[in-house]
Amino acid sequence: MKIYTRTGDKGKTRIIGNDVLYKSAPRINSYGTIDELNSLVGVVIANLSDKTAVLTEELEEIQQLLFDCGTDLAVSPTDKKHEFIFKDDNGSVDWLEKKIDEYTEKTPKIQKFILPGGSKTAANLHMARTVTRRAEREIVALMQEEPINDFVLKFINRLSDYFFAAARYSNVLDGVEDIQYRNSKPVFR
């Protein structure tokens with residue numbers, strides 16, 4: 001099997017359902033950013049410290065779920081045969097919320113904004129958080145034009161919160177303090 005199709009030579013690609021779109025289309029941007037995020041999570045996993053390696057299994061699960069999200073975003077709205085993979089009943093949003101709550105309980109309370117960074121793991125997780133936010137914006141732009149699987153947006157929204165909580169928890173595991181933004185007023189209660 002060849003991995004090149006030559007349709008990209010004209011700036012186009014085929015999505016699930018056989019529609020051909022320009023590579024600059026909102027649908028392509030949305031699942032392309034999910035692919036970028038999935039690759040970044042792979043970088044996070046490859047650079048975990050000995051102390052943060054406890055996150056490996058859940059980060060690999062997130063990669064699986066991101067692939068599901070990307071697949072669902074790659075489906076043509078005219079394709080009535082394809083059933084979405086990502087469903088609310090799979091419990092992934094609840095699972096993320098439990099992880100967020102768990103990591104928030106294990107980190108010092110904050111009242112002010114913090115700078116993204118700290119340990120290498122935390123810095124990489126903050127980068128994943130910002131790419132997740134971009135993916136969310138691109139998914140919202142897509143849903144304003146075409147139907148999408150709503151559960152994908154909900155999962156991506158919660159995932160950015162997960163990365164924030166996991167980054168802070170990574171700093172705790174690695175013994176690194178969060179750095180407060182010096183001009184922040186108290187914003188968290």
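## A buried lysine and its partner

At 17% relative accessibility, Lys-99 counts as buried (under 20% relative accessible area; exposed is over 50%, partly exposed in between; 1.4 Å probe, protein chains only). This is a predicted model, in which local features need pLDDT of at least 70, side-chain atom pairs count only at pLDDT 80 or more, and totals for chains, interfaces and linings use all residues. Residues are numbered from 1 along each chain as its sequence is written, and side-chain values use heavy atoms, with hydrogens and water left out.

Lys-99 forms a salt bridge with Glu-58, with 3.3 Å between the closest N and O atoms. A salt bridge here is a side-chain nitrogen of Lys or Arg within 4 Å of a carboxyl oxygen of Asp or Glu. The pair links distant parts of the chain: Glu-58 sits in helix 2 (residues 56-73), Lys-99 in helix 3 (residues 92-105), 41 residues apart. Helices are DSSP runs of H or I, at least four residues, numbered from the N terminus. Glu-58 is also buried, at 9% relative accessible area.

## Other salt bridges

Arg-158 and Glu-97 pair at 2.7 Å, N to O. Arg-158 belongs to helix 5 (residues 150-174) and Glu-97 to helix 3, so this bridge ties together parts 61 residues apart in sequence. Arg-158 is buried at 18%. Glu-97 is partly exposed at 29%. Elsewhere, shared partners join Glu-58, Lys-99, Glu-102 and Lys-106 into one salt-bridge network.

By the same rule, the count comes to nine salt bridges. One of them joins Glu-36 and Arg-134 at 2.9 Å, N to O. Glu-36 lies in helix 1 (residues 26-46) and Arg-134 in helix 4 (residues 120-143), 98 residues apart. Both are partly exposed: Glu-36 at 38%, Arg-134 at 26%.

## Helix 1 against helix 2

Helix 1 and helix 2 pack at about 165 degrees, their axes 9 Å apart. Helix 1 is therefore roughly antiparallel to helix 2 (an angle over 145 degrees). Axes are lines fitted to C-alpha atoms over the stretch in contact, and angles run from 0 to 180 degrees between N-to-C directions.

Contact means heavy atoms within 4.5 Å. Helix 1 contributes residues including Tyr-31, Ile-34, Leu-37 and Val-41. From helix 2 come, among them, Leu-59, Leu-66, Phe-67 and Leu-73. The contact residues divide into 11 nonpolar, six polar and three charged. Nonpolar covers Ala, Val, Leu, Ile, Met, Phe, Trp, Tyr, Cys and Pro; charged covers Asp, Glu, Lys and Arg; the others, Gly among them, are polar.

Notes:
Helix = DSSP H or I, 4+ residues; strand = E, 2+ residues; numbered from the N terminus. Parallel < 35°, antiparallel > 145°, perpendicular 65-115°, else oblique.
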